[in-house]
Amino acid sequence: MPGIAAPLIAWYRGNARDLPWRRPGFGAWGTLVSEFMLQQTPVARVIPHLEAWLGRWPTPADLAAAGPAEAVTQWANLGYPRRALWLHRAAVEIRDRHGGIVPRDVHALLALTGIGDYTARAVAVFAYGDRHPVVDTNTRRVLARVVDGAAQPGPPGKADLARMAAELPADIDEAAIVNAAAMELGAIVCTARAPRCDVCPLAAQCAWRAAGYPASEDRRRRQAKYEGSDRQARGAVLKVLRDAAPAGVRLDDVVPDWPDAGQRDRAIDSLIADGLAEADGGALFLPR
Ligand code: SF4
């Protein structure tokens, strides 16, 4: 099969979205914060939150000097608020272990709180210009279709990195573009539900398209419904705490009219267990 690098590079140069973290000089801290926010959250929702976050805490040391409650409050309604706590912890670790500079080494990045394979490599490649494979869910879908002829990728694993590494050009700058381009193609052209093959730079070599788009078992985990979920209850409790911060809220006054009191209490317990809330003297607080 001809390589995917050349057509991806040409396509990316003419079609990539202008996103804040792709602009020159955005920096490793901005890249790290953006990657935390982009886990689980769409680009359009992330951008205003990212700008506000970096405006308030332009360096890891600035965030480390703030309290975790401020981080959770600033996170607002971005969802999955443990990310705010992890980002705060990572900022403290960067200050204490790395002199306030986001590390470049993938292993050092992986040792920070809340950073997995994808984020570590994304920072090393997109912020520092190093040569590593970067694989997100969009890249995995593109490779599954073009190379394997499958509608959806199998479960994620270390093999994903090896197969992407095999597609990267030797040139460091081009390798970074291919990483970004595969993700971008999956995000805006080869989407999960409605691939736009007529404008795809890989159409001529796509095995799935050549095979007539055979269906394959969709093994992606379905996102649970939000309405009525424990996540919604946790979000409601956290909102009350954010609105009251730095003061706390008497436990009896934490969403007292929630339709399922047991669910609300589970939400409170789980927030405490996750370090997102603290109970003290019959009241509940953001972490202090
Ligand atoms: S040809 Fe269609 S299915 Fe194949 S990679 Fe391109 S957009 Fe995806």
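## The second largest pocket

Helix H13, spanning residues 230–244, contributes the most to the lining of the second largest pocket, giving seven residues. The model here is a predicted one. About 450 Å³ of space lies in this second largest pocket, and 19 residues line it, with Gly79, Tyr80, Pro81, Tyr226 and Arg231 closest to its centre.

Sorted by class, the lining of the second largest pocket has seven charged, six polar and six nonpolar residues.

Let's turn to the ligand, which sits in the largest cavity. Helix H9 (137–148) and helix H12 (207–210) are the elements that each give two or more residues to the shell around the ligand.

The residues around the ligand include four cysteines, Cys190, Cys197, Cys200 and Cys206. With them stand Arg145, Val146, Val189, Pro195, Ala203, Trp208 and Arg209. By class, this shell holds nine nonpolar and two charged residues, and no polar ones.

## A three-stranded sheet

Finally, the strands. Three of them make an open, antiparallel sheet, ordered E1-E3-E2. Strand E1 (249–250) and strand E2 (278–280) are at the edges with a single partner strand each, so one side of each has no neighbour in the sheet.

E2 pairs with strand E3 (residues 283–285) in the antiparallel sense, over three bridges. Which residue stands opposite leucine 284 in E3? That place is taken by alanine 279.

Conventions
Residues are numbered from 1 along each chain as its sequence is written. This is a predicted model: local features need pLDDT of at least 70, side-chain atom pairs count only at pLDDT 80 or more; totals for chains, interfaces and linings use all residues. Side-chain values use heavy atoms; hydrogens and water are left out. A residue is near a molecule or strand if one of its heavy atoms lies within 4 Å of it. On a 1 Å grid over the protein atoms alone, a cavity is a set of points where a 1.4 Å probe fits but cannot get out, and a pocket is an open set with protein on both sides within 12 Å along at least five of seven lines; lining residues have an atom within 4 Å of a point. A molecule sits in a cavity or pocket if more than half of its atoms lie within 2 Å of its grid points. Helices (H or I, at least four residues) and strands (E, at least two) are DSSP runs, numbered from the N terminus. Ala, Val, Leu, Ile, Met, Phe, Trp, Tyr, Cys and Pro count as nonpolar, Asp, Glu, Lys and Arg as charged, and the others, Gly among them, as polar. Grid points are joined across faces, edges and corners, and a volume is the space filled by probe spheres set on the points. Two strands pair if DSSP finds at least two bridges between them.
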